Amino acid sequence: MLTRLGRFMSSSKTISFFWVTHDGRETKVEGKIGESLLENAHRNSIDLEGACDGSLACSTCHVILSESLYDVQPEPTADEEDMLDLAFGLTPTSRLGCQIKITEDMSNTRIQLPKASVNMYVDGHKPKPH
Amino acid sequence: MALRFAVVGSGPAGFFTLKSLIRALPDCKVDMFERWPVPFGLIRYGVAPDHGDIKNIIKDFTELARCDNFRYFGNVFVGKDIDYLTLSQIYSGIIYAHGAASADKELKIPGGEKSKSARQIVEWYNGMPNCEDFDFSKVEKVGIIGNGNVAMDVARVLGSSIERLQPTDVAERAFEVFSKSKIREIDIYGRRGPVQAAMTVKELRYLSKVPGISLRVLQDEIDRGLSPESQNEAMLNSVQTNQRERARKRLFDLINSLPREHNPNAQVKINLRFMLAPISYTASYLTLARTNLQGPELHQVAVPSDETFKENCDLLIRSIGYSSVQIDKNLPFDQELGTVKNLGGKVEGNNYVTGWARTGPFGVIDTTMRNVFQTIDTLIQDIDNNLLQYKPDSILDILKCRFLTFKQWEKIDQYELNEGLKKGKARSKITSVDKMLEIGLS
């Protein structure tokens with residue numbers, strides 16, 4: 001892993017991939033090897049929040065990877081998993097964009113943004129006493 | 001004439017609203033009203049001093065606030081300085097995002113009135129103006145009723161060494177009290193079991209890692225909470241198939257991994273306790289009853305048994321929830337739910353609501369953000385249906401009270417940061433409204 005990362009960090013290579021919004025719109029972007037998906041999104045004006053600035057204190061940069069891309073990522077840390085627990089519309093291939101570095105594996109892949117909002121709280125719902 | 005919006009409240013919901021409005025309607029104008037001179041609501045007065053990471057969001061909000069479409073009106077209390085009907089007349093749309101941190105639930109047991117509110121303790125150590133002062137100088141053992149994230153924050157801050165708190169932006173009035181603290185032990189009481197614990201796994205993990213604090217659970221209380229229904233709620237014995245089960249299982253695993261005995265060298269011992277209902281509180285004793293879980297999966301309630309006992313408790317803190325209050329008599333409000341009445345974020349006419357004023361105090365910042373998106377979607381539909389009108393700029397003719405602009409807040413910000421720097425703190429918060437106004441308007 002270290003050698004793989006090390007090789008990528010030192011290169012100024014770029015790849016192309018696609019951001020896909022929740023309504024299916026695709027935006028082709030250039031990704032710098034070694035930058036995070038969150039950094040890439042902000043550089044390309046993709047509507048991905050990053051409220052805590054990549055400090056693993058929120059889950060607003062939630063992204064959904066393809067299965068094959070998910071499988072080649074380093075395992076999420078417990079801290080990232082803690083935040084994924086709270087992410088909206090979690091899927092089996094969800095990750096936080098601030099923790100995923102762009103690698104050559106991502107060439108031409110699609111990175112999906114989750115559903116923008118979920119009716120988690122039905123207005124007028126009665127909280128249940130415990 | 002332009003599409004002019006008023007946003008009530010400058011916390012996360014208010015600023016996410018600003019962000020969504022500007023993104024959707026780049027030519028619109030947004031005025032934000034905040035009751036305090038200083039902005040950011042719960043980020044400033046709710047997030048714990050040792051949670052610097054989430055306070056990073058202020059950078060993003062500050063950048064947003066510098067855009068030309070935006071004006072900040074600090075020290076303007078909607079409902080007092082300007083009312084609902086006036087705002088409704090002079091703005092194209094009003095988005096209420098004033099939060100929920102106002103009205104506390106009572107602890108309905110004999111002696112419950114002697115308990116202190118966790119929310120008020122949080123506001124006190126975070127430097128909110130006009131707070132009750134607390135004195136813990138005679139307190140050795142604390143009991144906290146409720147085990148949500150506010151309880152985790154209070155336990156962590158009360159259990160922290162002064163060395164740990166010193167560099168944070170903790171209010172100096174609280175730091176002085178903490179430096180004389182004799183607190184040795186904190187019990188956190190949940191009526192139900194570990195599967196129904198209310199905190200998020202992140203906050204519990206954080207508490208478990210604080211140097212000097214020993215956190216433990218009691219095996220008999222864990223066992224008592226593991227009814228067959230509870231085990232199913234987290235699918236403890238098979239595969240978790242949805243997000244709720246996954247989160248429940250991960251939280252249970254963390255709770256179950258905590259030690260059963262305290263580290264004898266710890267400065268402060270915290271007991272995470274379950275299946276206990278408070279019965280009464282007198283002087284320095286809390287009487288508790290062991291509970292049993294009854295009812296179907298996901299709807300189990302804790303029923304107190306006849307088995308009662310006493311625990312020492314010099315300070316009883318209730319962390320059992322709070323709600324919003326009606327800030328203006330004309331703002332439609334559900335007194336029972338403690339939220340502004342709405343459908344999909346729409347209140348009535350050109351009035352909308354979002355964040356905790358809409359939902360009550362639930363969820364994390366991501367929840368609030370998604371909630372804002374939904375309210376703004378509703379508002380955009382109304383624009384598409386020509387329900388909102390263009391308006392002239394008239395607020396400055398109407399507003400009679402003194403208010404602060406965002407630039408004036410930035411003077412206060414700079415002052416607080418400079419004072420903090422001198423004292424080796426992240427920030428030295430001003431806790432008096434008069435002093436805020438004096439520095440801001442100077």
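Hi everyone. Of the 130 residues in chain A, 47% count as buried, where buried means under 20% relative accessible area, exposed means over 50%, and partly exposed lies in between, with a 1.4 Å probe and protein chains only. Before I go on, this is a predicted model, in which local features need pLDDT of at least 70 and side-chain atom pairs count only at pLDDT 80 or more, while totals for chains, interfaces and linings use all residues. Residues are numbered from 1 along each chain as its sequence is written, chains are lettered from A and ligands numbered from 1 in the order in which they are written, and side-chain values use heavy atoms, leaving out hydrogens and water.

Let's stay with chain A for a moment. You'll find four helices and five strands there, and from the N terminus the order is α-β-β-α-β-α-α-β-β. Helices here are DSSP runs of H or I with at least four residues, strands are runs of E with at least two, and both are numbered from the N terminus. If you take contacts between residues at least 6 apart in sequence, 61% join residues at least 24 apart; a contact means heavy atoms within 4.5 Å.

Now to the cysteines. How many disulfides are there over all chains? The count is zero, taking a disulfide as a pair of cysteine sulfur atoms within 2.5 Å. Cys98(A) is buried, at 12% relative accessibility. Cys67(B) is partly exposed, at 22%.

Staying in chain B, the unreviewed UniProt entry carries a "binding site" annotation that includes Leu42(B), Trp356(B) and Gly363(B). The annotated residues are spread over 353 residues of sequence and also in space, up to 25.3 Å between C-alpha atoms. Do keep in mind that UniProt positions are given in the numbering used here, feature names are shortened, and annotations may be inferred rather than shown by experiment.

Is Trp356(B) buried or exposed? It counts as buried, at 17% relative accessibility, and it sits in helix H13, residues 356-359. Beyond its neighbours within four places in sequence, Trp356(B) contacts residues including Leu42(B), Tyr322(B) and Gly363(B). Gly363(B) lies in the loop between H13 and helix H14 (365-384), and Gly363(B) is partly exposed, at 44%.

Thanks, and happy to chat.
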